[in-house]
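Here are my notes on this one, jotted down as I went through the model.

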Amino acid sequence: MIQRVFDLKWTYIPAFVSLLAIILLVGGITHGFGINAIISGVDAIDGAVVRLINGGNSAFLDSFMYRFSYKWTWVPFYVTLLAVIGRNFNWRQILIISLSIALVILLADQLCASYLRPAIGRFRPSHSSFADMLHYVNGYRGGNYGFPSCHAANSVALATFLCFIMRSGRLAALFSVWILMMAYTRMYLGVHYPSDLLTGSFIGIMIGSSIGLVAQRYGGVRPAVGVKWAWIPVAGFLLTCVGISITFLSNPVA
């Protein structure tokens, strides 16, 4: 069932949700709900969710969330994904897929970090009016601006693209868990609001699906069905989580 979200015939979902959000926004404004009031309402909900999640801290969670959110932690996991790609595609397709992955990450990261964040200028929770109320791990607060989330955009874009080229319910479920846990860590650390993560996720879906379609239609990449070695990334993910947990025992300070 999860895999259907990434199927070609289901790619209208993000566009439909975006259109619905625009209709609700316009409808709210025309019926007397000003844009400032709507933004204030979203900010209030965002702030309440972040304070709730950030407030449930412990020494173990501090260590686990900090390391889970660290980008270099997932290098072994990415290697397992490359292994699966190598097992299921020929060399020409692997080259196209590798270039596509690089383009997916580049577009998602640069669009959010270099263009949208400076243009929108929305401060992270860690730089907001209630920043002093939050709990921080190792003093980590991120940069000034956090909307939209690059973590969300990058990870969702990668996952969406990979689900376009590898039709596996096991991998789709794995990516879903990975993305949700990553989003939770960003709120736990006090560096992103839920709306940062949701917007970044929509951007990731759009970019990942667009590049996926191009790779299929013009790059000659036929989606792999019955993906071989799909269990390897699952094992890599679980071992990484275990490693993060064990690290706490030897070095509780992240």
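**Notes on the model**

1. Let's start with helix α6. It covers residues 150-165, 16 residues in total, and runs 23 Å from its first C-alpha to its last, close to the 22 Å expected at 1.5 Å a residue. Bear in mind that this is a predicted model. The helix is mostly covered, with 15 of its 16 residues buried. At its start, a side-chain oxygen of serine 149 comes to within 3.3 Å of the backbone nitrogen of histidine 151.

2. Now the overall layout. The chain has nine helices and two strands, and from the N terminus on the order is α-α-α-α-α-α-β-α-α-β-α. Of the 254 residues, 44% count as buried. Taking contacts between residues at least 6 apart in sequence, 85% join residues at least 24 apart.

3. How far to trust it? Mean pLDDT for the chain is 87, and 83% of the residues reach 70 or more. Among the elements, helix α4 (residues 75-88) has the highest mean, 96, while helix α1 (residues 12-30) has the lowest, 56. I'd also flag residues 1-11, where pLDDT stays under 50; the model has 22 contacts beyond four places in sequence for that stretch.

4. Next, the charged pairs. The count comes to three salt bridges, and Asp43, Asp46, Arg122 and Asp196 are linked in a network of them. Take aspartate 43 and arginine 122 to begin with: their side chains meet at 2.8 Å, N to O. Aspartate 43 sits in helix α2 (residues 35-55) and arginine 122 in the loop between α5 (91-120) and α6, so this pair ties together parts that are 79 residues apart in sequence. As for accessibility, aspartate 43 counts as partly exposed because its relative value is 36%; arginine 122, at 16%, counts as buried.

5. Aspartate 46 also forms a salt bridge with arginine 122, and here the closest N and O atoms are 2.8 Å apart. This pair links distant parts of the chain too, with aspartate 46 in helix α2 and arginine 122 in the α5-α6 loop, 76 residues apart. Both aspartate 46 and arginine 122 are buried.

6. Then there is aspartate 196, whose side chain meets that of arginine 122 in a salt bridge at 3.0 Å, N to O. Aspartate 196 lies in helix α8 (residues 194-217) and arginine 122 in the loop between α5 and α6, so parts 74 residues apart in sequence are tied together. Aspartate 196 is buried, as is arginine 122.

7. Which residues touch the most other members of the largest nonpolar core? Of its 53 residues, they are Phe68, Phe89, Phe161, Leu162, Met166, Phe175 and Trp178. At least two residues of this core come from each of α3 (59-69), α4, α5, α6, α7 (169-188), α8 and α9 (231-250). The largest share, eleven residues, is supplied by α6. In soluble globular proteins, nonpolar side chains tend to be buried together.

8. Leaving aside neighbours within four places in sequence, phenylalanine 175 is in contact with Phe77, Leu81, Ala159, Leu162 and Cys163.

Conventions. Residues numbered from 1 in each chain as written. Predicted model: local features only at pLDDT ≥ 70, side-chain atom pairs only at ≥ 80, totals over all residues. Heavy atoms only, no water. Helix = DSSP H or I, 4+ residues; strand = E, 2+ residues; numbered from the N terminus. Expected span 1.5 Å × (residues − 1). Buried < 20%, exposed > 50% of the residue type's maximum accessible area, 1.4 Å probe, protein only. Polar contact = N/O pair within 3.5 Å; in protein donor to acceptor, adjacent residues only side chain to side chain. pLDDT = per-residue confidence, 0-100. Contact = heavy atoms within 4.5 Å. Salt bridge = Lys/Arg side-chain N within 4 Å of Asp/Glu carboxyl O. Core = buried A, V, L, I, M, F, W, Y, C linked by side-chain atoms within 4.5 Å.
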